[in-house]
Amino acid sequence: MDYAKVWFVLWAVLWTGYFALDGFDLGVGFSGWLAADGEEEIRNVFSSIGPFWDGNEVWLVTAGGATFAAFPAVYAGLFSWLYPALLLILFSLIARGVSLEFRGKLQSPAWKSFWAGSAAVSSFLAALLFGVAFGNLFRGLEINAGGYNGTFVGLLNPYALLTGALFCAFFFFHGQLWLAFKTAGPVAARAGRLASKGWYGLALLLALFLAASWLSTGLSGNFIVRKYLLVLPLGLAAALSAAKILLARGLPGRAFLASFASIVLFSLSGFAGLYPDLLASRVDPAFSLTVYNSSSSAYTLRLMAAVALVFLPAAIGCQVWVYRLFRAPLSAAELKKSGMY
Amino acid sequence: MDTLALSRLQFALTAMFHFIFVPLTLGLGWLTAFFETRYARTGDERWLSITRFWGKLFLINFALGVVTGLTMEFQFGMNWAEYSKYVGDIFGAPLAIEATVAFFMESTFIGVWVFGWERLSRKAHAGAMWIVAFATNMSALWILLANGWMQRPVGYVLRNGRAEMVDFAALITNPYGWLEFFHTVFAGWVIAGFFVMGVSAWHLLRRNQEDLFKRSFGAGAVFALASSLLVAGVGDLSGVNAAKNQPAKFAAMESVWETRTAAPMALLTIPSLSGEGNAVEALKIPYALSLLAFHSPSAEVKGLNDFLPADRPPVPPVFLSFRTMVALGGLFILLSGAGVWLWHKDLLQEYPLYLKVMLFSIPLPYIAIQLGWIVTEMGRQPWAVYGLMRTAEGVTKTVSTGQVWMSLIGFTLFYSALGIVDIWLLAKYAKKGMEG
């Protein structure tokens, strides 16, 4: 078996898991306040992601660690070539984490609104910047024989900004559906309406993104050669339509699952188009970092695949158990006890 | 400063900041789990108050440990791209395993513990904290096996222009990594013990909730004493290990310049600032250095003159950090030993001076652990991977000095603000005392 290919799939799965899971809590982070009126409702918005966001973020840490272990040259290239962008993502994630932790620690309204605001700004930046970063990955980077030759401003090209906006739209929709499904009363009702409106923006941005990807990136090649891969973007369209229909029928929980599936299929479509590149060169494919020229040794890849095979299902099992344990919303008494009131 | 110097400074600052928060987590998790188990077993509400008080401090501290850990993962790629490419095949594995195996557990079950008071039985809820405590210590194991590989590279071959793993068993049984692991986690436990004693002392001095804080103090003191003894024992083995595997580091730790057998140890040593030899060497104890280095009075100890100046670590900071750390380590045994005795005899309130000393001793184990890492990491210089890759070869080539200046300034400002808020919150909640 070619373990480099296995690891490409695992690499795609880890990033996909991160986007589909952290996506809703980033969305709640930057847009949850739109569905809330007054301190008590804001508290319910934040408490809906309280038990989950930290576990969701581990998917990013694992994706990063797996990139390091399985594709060291990609890890080194991605993080150093996009240095300022990665620094901003890092600062956003740090700010997001402390904002969620600190917000409930004092009862002063100024303190609470400061951290709620900083959670919103940092969650938005993280969503946008991940989109911009992956937009550049999909588009290809200015990699020549000496490595990366682009600039920070060059990363802010229209296609990458479109991808950034698309990520924000996905996470907005995903986050609002989460609130519609996990909270009760006026917050859930408002979130359902916001998701419903947001869906149109998301659908428009997705259509633009698919058109731009087809016309101006190399992502389409694999779909033309291997037609069966088209099941991914077609499934994406179906899942997104299903989310809208289920929401309209008053089934926000199922709509959320459909939205989860749409993010998974969106992300997998992108990686399927990218293959066998991890960091594609716009200058010349010969300079691209691919499954073949950037992976670790067969020994390391096999060992890490075994580790992933044993521990990833165990980790997912634990997380599923946690989602079930906290299926019912947290009560005010529970929040007081948690110190996150 | 050039990119190399700036990148080193940034890595040192961010790692040291991360390590203000991580070590307390390593020990306070066990103590909190122990308190909660007492509650689960007895149903005595006093243990619940104790659990919730220390658990809250655990969480405030934990928050910054987690987010600053992200930086460490990003930074290898951002600032040390050449290093990452060269060693990722073997060095990346323990980091990825840490994320998958330990960090997953820790981050998942901390949420269960924080929010699950009403959803789990008392025993299962205590179990969540045991899992968190175990997972944080397991995190340390994988990270330190990675660091141990940088200190003593094993299980690899040089192939395809990089270090490739050929023996995973050698990587995970590397004695250097295991010694670092035990030395570091025991040191973290000392921090937790002193933290619990110091905060309890503050309340005992004010006669607040005396019963609850005496119980806390006792647990902290016993834990701190056991851990101080363990950390010293592992420290001795670590010295032997350094002398064997990294003779230049050991020579810098002791500021030894001439190679000789049956080497004495000068209690008073002042390295000369010119970078060659010692300005003062007095109060020599015969054979002591050979005994420390190899547990044998006649053994030969290598001096720094045997190494080219370009292959020597910076001597004064390594030497001074090491001496100070060892002195502090001795002090911890005395202070925690006294604490165990006074607590056992129920004399704590009779000795307010001792309680005051314990309050002001809270920072000391933090200082010791930072000094220990200065010894470990500066002592490894000029190597990133001992004998294999120099630090200067590992730095990213494509990042400009201006970009690293920007990130360094960004980290300094951002981290300072976060550190101030977090420590202020810790102090606020520590002073508030227990509920109920």
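My entries follow, one topic at a time.

**Ground rules.** I am looking at a predicted model, where local features need pLDDT of at least 70, side-chain atom pairs count only at pLDDT 80 or more, and totals for chains, interfaces and linings use all residues. Residues are numbered from 1 along each chain as its sequence is written, while chains are lettered from A and ligands numbered from 1 in the order in which they are written.

**Chains B and A.** I looked up the contact first: 55 residues of chain B touch 58 residues of chain A (C-beta atoms, placed from the backbone, within 7 Å). On the chain B side, the elements giving two or more residues are α2 (45–79), α3 (81–115), β2 (162–165) and α14 (401–432). These names come from DSSP runs, numbered from the N terminus: helices are H or I with at least four residues, strands are E with at least two. I found that α3(B) gives the most, with 24 residues. By class, this side of chain B has 33 nonpolar, 15 polar and 7 charged residues (Ala, Val, Leu, Ile, Met, Phe, Trp, Tyr, Cys and Pro are nonpolar; Asp, Glu, Lys and Arg are charged; the others, Gly among them, are polar).

**Two helices in chain B.** How do α1(B) and α12(B) pack, and at what angle? I noted about 130 degrees, with the axes 10 Å apart (axes are lines fitted to C-alpha atoms, for helices over the stretch in contact, and angles run from 0 to 180 degrees between N-to-C directions). The pair is therefore oblique (under 35 degrees is roughly parallel, over 145 roughly antiparallel, 65 to 115 roughly perpendicular, the rest oblique). Among the residues that meet are Phe19(B) in α1(B) and Trp373(B) in α12(B). Their contact has 7 nonpolar, 1 polar and no charged residues.

**Two helices in chain A.** Next I checked α9(A) and α11(A), whose axes come within 10 Å and cross at roughly 160 degrees. That makes α9(A) roughly antiparallel to α11(A). Trp199(A) is one of the α9(A) residues in this contact, and Lys244(A) is one of those in α11(A).

Thr269(B) stands opposite Glu281(B). The hairpin has 6 residues between its strands, and Gly275(B) in the turn has a positive phi of about 95 degrees.

Note on methods. Contact = placed C-beta atoms within 7 Å. Pairing = 2+ DSSP bridges.
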